[in-house]
Amino acid sequence: MSTQHTTSRRDFLKLSSLAGGGLLLGFSWFSSEAEVPTLLKAPPAGTMGFNSYLSISTDGVITISSPNPELGQNIMTSFPMIVAEELDADWTKVKVIQAPLDTKGFDRQLTGGSGAVPHSWNKLRTAGATARFMLIQAAAKKWNVPAEECTAANSVVTHSSGKQLGYGELAEAAAALPVPKEVKFKNAKDFKLIGTAIKNVANKSIITGKPLFGMDFYRPGMLFAMIQRPEAFGTKIKSVDSAAAKAMPGIVDVVVFQNNVAIVGKSTWEVAKARKAVKIIYEPDGAVESTADHDALFKSLLDTGTATVRRKNGDVDAAFAGAAKTIKRDYQCPFIAHAPMEPMNFFAHVREDGVELIGPTQTPASAQTATAKLLNIPEDRITLEITRLGGGFGRRLKFDYVVEAAELSKLINAPVKVIWSREDDMSGGSYRPAVRYRFEAALDAAGNLVGYKCRGVGINAGNPTREDNFPSGAVPNLLIDCIEHKSAITTGPWRAPITNFLGFAEQAFLDEVAEAAKKDPVQFRLELLEKAKAAPVGEIKYDINRMITVIKTAAEKAGWGKLPGVSQGFSVYFSHRSYVAQVCNVLMQAGKPVVQKITAVSDCGQVINLSGAKQQVMGGIVDGLGHAMYSKLSFKNGAAEQKNFNTYRLIRMQEIPEVETHFIDNGIDPTGLGEPALPPTGGAVANAIFKATGKRIYTQPFIEDANFKTI
Amino acid sequence: MPAYNLLINGKQHTADVAADTPLLWVLRDHLGLLGTKYGCGVAQCGACTVHLNGAAVKSCVLPVSAIKTSAVTTIEGLSELGDHPVQAAWDEVDVPQCGYCQAGQIMTAAALLKKNAHPADKEIAAAMNGNICRCGAYHRIHEAIKLAGTKI
């Protein structure tokens, strides 16, 4: 492979002709400086100096590699849309492939935090615009006309005389041209793809049952394994009797490692059966906790614990001492499981000459690093192929199940796919932490919010507050603090970490404060925001005007206060850089509140794919409603009490309300949508239920609340 | 182990497996038909739904020995070109998010529409209630079934 040098400071672009003809641009979507130019003879295998590429073959097929793991956020469609927009490509000729892990060229090949689109927006546009520029230059050169007389659209360059050449015909010539240092982006008003509804590029494969997922990875000769992990957190293996299991048909071995017993065999069912024949005795290893212990602990920590201050403005003690009215309320949420439809699984083959890892992960680079550390080998000896993920919701940001597969493969010296049963998935940890909040508000005689306190206590929740979120900045005297309890029960990020519950607690509390202040909930929030605008208290990390706009638009679209006989609840939340306001309509049926409709107004800046954006908002609302209403994971003596969908309740089709989605069109650079629509839902629903029944909800899941007991 | 002769997607297959092996794992581990998914193993999520003589069943709890001469249809055999009206509607409405549950959703929907081409909203929700979509794509699933009903 030959090497050229360029003086470009940009993080982008090498080119060559494709093997078999065409244009191949390799570029880095992520690193700020990955500029060792390399002549690409073939699509990068994942270890080049850049992590992605765009190629145009002589038959006009445009291939774009998508680096981020796809778990349903639709990144494999929205990323290429951005490239294709600036490229003026014919979308029907665009092919998208999943890039493998490449730790050399990128800094964010992961899925989480709704961060991929804002991170890559300009880089994707640059890639498309650069290729377009070069194709136009190539056409101009061929026709011997000024490039300014040429335009591009739908994969065709057209000269003012009417002459036309397709991108495929121009690809070779374009590949011989220098890469421009500067390119111009399109005006948003000229967008043809961005902002429109484009179908998921994987639809055809999904609806015909193609093997896309980690679970679908099979290789001749590979072994199957299931692992019995301790059922109770805070326990360890005392003894294992695997003789009976080892003698069962299809079983190759039973291996004990770490705190695990792996049953290895020739098929999933044989392994699952043999697993039941393994006798394991466990003994305590630290504190073995139950949900009842946590309830008592939360109360004592809130009352007497020593808290870490996260934000402090003004003098809260004085504000509360001088208040005309104070309100104090506690809100609690249980642990919940991520429960992606595809349970955890990973294929690993540890050989002398290297390690092969294949499966679904949100965080391939971390999985590779951890595996390298465990096996004590250099990272570059490990390849990691990212399959499609059957959901993630944060669970696959942890790589325990990857490292475990690698360790087992090494121990048995064979290629193996480790499969988690649903029960393993639900009892094996990394949950949304259980948290309890205490909110306090002080109102003056005129109903102004003059003091605000929020203390969060959580089980392995880290900081369960988001101290700079609204209403911080709008209240003169404010104290946000937290206390963490360390437990053997493992926790991790769960779609919209912390805010998935904090959003409900905060927005439900503000509703109650508005009621105490005798103000309309929408008006109350708007007044607070106007105050923050006029006299900001401390640093404000949200855009006040954007929040006001989604509030006003949601109230208008939902007919706030204008629907006789309908009980409405309001909520607004800023998280993961996007703003979402929601209005929930509740009707009483047979003496119980029924969620009839949720209207959502989202400001994520420029919408990339309208179809995907609606999916994320609708799905986020269904997810937020479902978990607020129904889901709970409780513990007894360290073990999860719900182990499968017969006892752990997820929302189903009969329980969904109508959902209406709107987006603010403001031309601001795009932000993510995988998470932001979820946090406001619980609050809007709880506030609407209060309107309907007169009873506030303080605990999730709502279904256990008195509001849902037969009256 | 006994050898079972199975009629799947119109073709005869043979599987040497234990009598209690669920059809799901015969399809996946032994016959390489990977469209049918494992989600819960206890007939609660519907990801494993296939047709047995045209009716939707949960293959994760159906022992291979119980199938005998019944005709099995999996997502791979629902249509030759992937253009069954339900599949076409799924694409048209742009249903899939992660996509893992969708084969099961499609098989349940296809069985429903075979019995009742124009189900009422409540009938759709009742028929689909055994299929979980963790991404929450229920609105579009519902819409796609309505659309498919107009084309059957």
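Domain bounds here come from an automatic or database domain assignment.

**Before you start.** This is a predicted model: local features need pLDDT of at least 70, side-chain atom pairs count only at pLDDT 80 or more, and totals for chains, interfaces and linings use all residues. Residues are numbered from 1 along each chain as its sequence is written, and chains are lettered from A and ligands numbered from 1 in the order in which they are written.

**Stop 1: chain A against chain B.** Show both chains. The contact takes 45 residues from chain A and 45 residues from chain B. Two residues are in contact if their C-beta atoms, placed from the backbone, lie within 7 Å. Helices (H or I, at least four residues) and strands (E, at least two) are DSSP runs, numbered from the N terminus. H15(A) gives the most to this side, with 6 residues. By class, the side of chain A that touches chain B has 21 nonpolar, 16 polar and 8 charged residues. Ala, Val, Leu, Ile, Met, Phe, Trp, Tyr, Cys and Pro count as nonpolar, Asp, Glu, Lys and Arg as charged, and the others, Gly among them, as polar.

**Stop 2: chain B.** Color 3–76 as domain 1 and 85–149 as domain 2. Their centres, taken over C-alpha atoms, are separated by 21 Å. Domain 1 of chain B puts 15 residues into the contact, and domain 2 of chain B puts in 12 residues. On the domain 1 side, pick out strand E3 (49–52) and strand E4 (55–58), which each supply at least two residues. E3(B) gives the most to that side, with 3 residues.

**Stop 3: helix H2 of chain A.** Select residues 116–143 of chain A. This helix has 28 residues and reaches 40 Å from its first C-alpha to its last, close to the 40 Å expected at 1.5 Å a residue. Zoom in on A:Asn122, where H2(A) bends by about 35 degrees. That bend is the angle between axes fitted to the seven residues ending there and the seven starting there. Then step to A:Asn144, which follows H2(A) and has a positive phi, near 60 degrees.

**Stop 4: a helix pair.** Select H9 (residues 364–375) and H10 (residues 400–412) of chain A. A:Ala367, A:Ala370, A:Thr371, A:Leu374 and A:Leu375 in H9(A) meet A:Val402, A:Val403, A:Ala406, A:Glu407 and A:Lys410 in H10(A). By class, this contact has 7 nonpolar, 1 polar and 2 charged residues.

Note on methods: Expected span 1.5 Å × (residues − 1). Axes fitted to C-alpha atoms, helices over the stretch in contact; angles between N-to-C directions.
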